[in-house]
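Let's take a walk through this fold, one piece at a time. Keep the viewer open and follow along.

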Amino acid sequence: MVKVLELAGVNKSFGKFQALKDVTFSIEEGEVFGFLGPNGAGKSTAIRTILGLLKRDSGKIELMGEDATSNVLESHKKIAYVPGDVFLWPNLTGGETIDLLLRLGGHERSKHTDELIKKFELDPKKKARTYSKGNRQKVALIAAFSADVDLYIFDEPTSGLDPLQERNFQEEVLKLKAAGKTVLLSSHILSEVEKMVDRVAIIRTGEIVKVGALTEMQELSAVNVRAVITDSEVVTGFAALDNFTQQNSKISFTVTHEQLPSVLAELAQAQVHDVQITPPTLEDMFMQFYLDNGVTANDQK
Ligand SMILES: Nc1ncnc2c1ncn2[C@@H]1O[C@H](COP(=O)(O)OP(=O)(O)OP(=O)(O)O)[C@@H](O)[C@H]1O
Ligand SMILES: [Mg+2]
């Protein structure tokens, strides 16, 4: 397996504040890797450090087996990067900007670029200064998806996109994945990335708290169940379950995967009218991690 990106023991401080603490993870060729953590966790700082836009204090960052930051210009030819806040040259049009971004990375505009402009419904003739946040993001995304590189890095890429464009984004990432490309996707919302990612790293206050297959992590955490039952007398049977709440015939609670079959059987007894079972959110997974490590929910701050 080729390691496309490897971070080992990366530290970064801003003055006295340590934003990255011993950050270690690696991404293999063909993986879509999720980089998840709440606001301020250090995702963008880690990404900027990988790109050499910020200088790390210590640790190793390798791209395709070589130091990623000793020759930043060369590294940037191997990476397509879309930041969370896209700033563009105000007097260039969207189309000119896409061309320039591609050329800066040593790439060329292709038929695929034009297809992407159509797909994302971008008007390439408008000056960048007239674009909304979402449109600026589209410009950078189109340039990134048109480039043929070793690693695609998207920092909270869908924060400015509407649901239709978010779906287009997901489709394009899945196309990269099908083509065996490697992608790093950061987000503070698990549901935004769960359809695309294979493995994830969870970062919190500058520390990687877990790295692993998303499905394995989700199996370790409880699932959320919401149900509407018609026989409300049976409710008492559910009241002992974790996070139980009730509003008339609507109940909700959380259970482990092992408890799920028996709970579903009980729900059937209670003449269930509607049921929703949702996988754990990023917050649920954090909770589980901290509970597993003997920290109570209140200690986390
Ligand atoms: N240039 C800087 N100078 C000082 N502190 C900084 C700087 N950049 C980031 N930080 C701090 O480092 C921490 C991590 O910030 P970062 O932007 O990496 O978080 P993030 O995980 O990307 O969050 P978000 O989801 O909000 O984008 C925050 O506490 C932030 O205030
Ligand atoms: Mg960020």
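Is E121 buried or exposed? Bear in mind as you look that this is a predicted model. E121 comes out as exposed, because its relative accessible area is 53% and anything over 50% counts as exposed. You'll find E121 in the loop that links α4 (111–119) to α5 (133–146). Its backbone is worth a look too: E121 is not a glycine, yet its phi is positive, at about 50°. For context, most residues other than glycine have a negative phi.

With a relative accessible area of 49%, Q271 counts as partly exposed, because the exposed class needs a value over 50%.

Now for the sheet. Six strands form an open sheet with mixed pairing, and reading across you get β6-β7-β8-β3-β9-β10. At the edges are β6 (79–82) and β10 (207–213), each pairing on one side only. On average, neighbouring strands here are turned by 15° against each other, if you ignore direction. Strands of a sheet pair through backbone hydrogen bonds, in either a parallel or an antiparallel sense. Zoom in on β3 (residues 32–36) and β9 (residues 199–204): these two run parallel and share 4 bridges. If you want a specific pair to click on, L36 has I202 in β9 as its bridge partner.

What packs on this sheet? One answer is helix α10 (residues 282–292), which touches β3, β9 and β10. The direction of α10 makes about 75° with that of β9. Helix α1 (residues 43–50) lies across β3, β6, β7 (151–155), β8 (182–187) and β9, and α1 runs at about 145° to β8.

Finally, a helix pair. Helix α3 (residues 94–104) packs against α5 with the axes 9 Å apart and an angle of about 40° between them. So α3 is oblique to α5, and the crossing is right-handed. Which residues meet there? From α3 come G94, T97, I98, L101 and L102, and from α5 come V139, A140, I142, A143 and S146. Sorted by class, the contact of α3 with α5 has 7 nonpolar and 3 polar residues, with no charged ones.

How values were computed:
Residues numbered from 1 in each chain as written. Chains lettered and ligands numbered in written order. Predicted model: local features only at pLDDT ≥ 70, side-chain atom pairs only at ≥ 80, totals over all residues. Heavy atoms only, no water. Pairing = 2+ DSSP bridges. Axes fitted to C-alpha atoms, helices over the stretch in contact; angles between N-to-C directions. Contact = heavy atoms within 4.5 Å. Buried < 20%, exposed > 50% of the residue type's maximum accessible area, 1.4 Å probe, protein only. Parallel < 35°, antiparallel > 145°, perpendicular 65-115°, else oblique. Left-handed = near helix turned anticlockwise from the far one by under 90°. Nonpolar A, V, L, I, M, F, W, Y, C, P; charged D, E, K, R; others polar.
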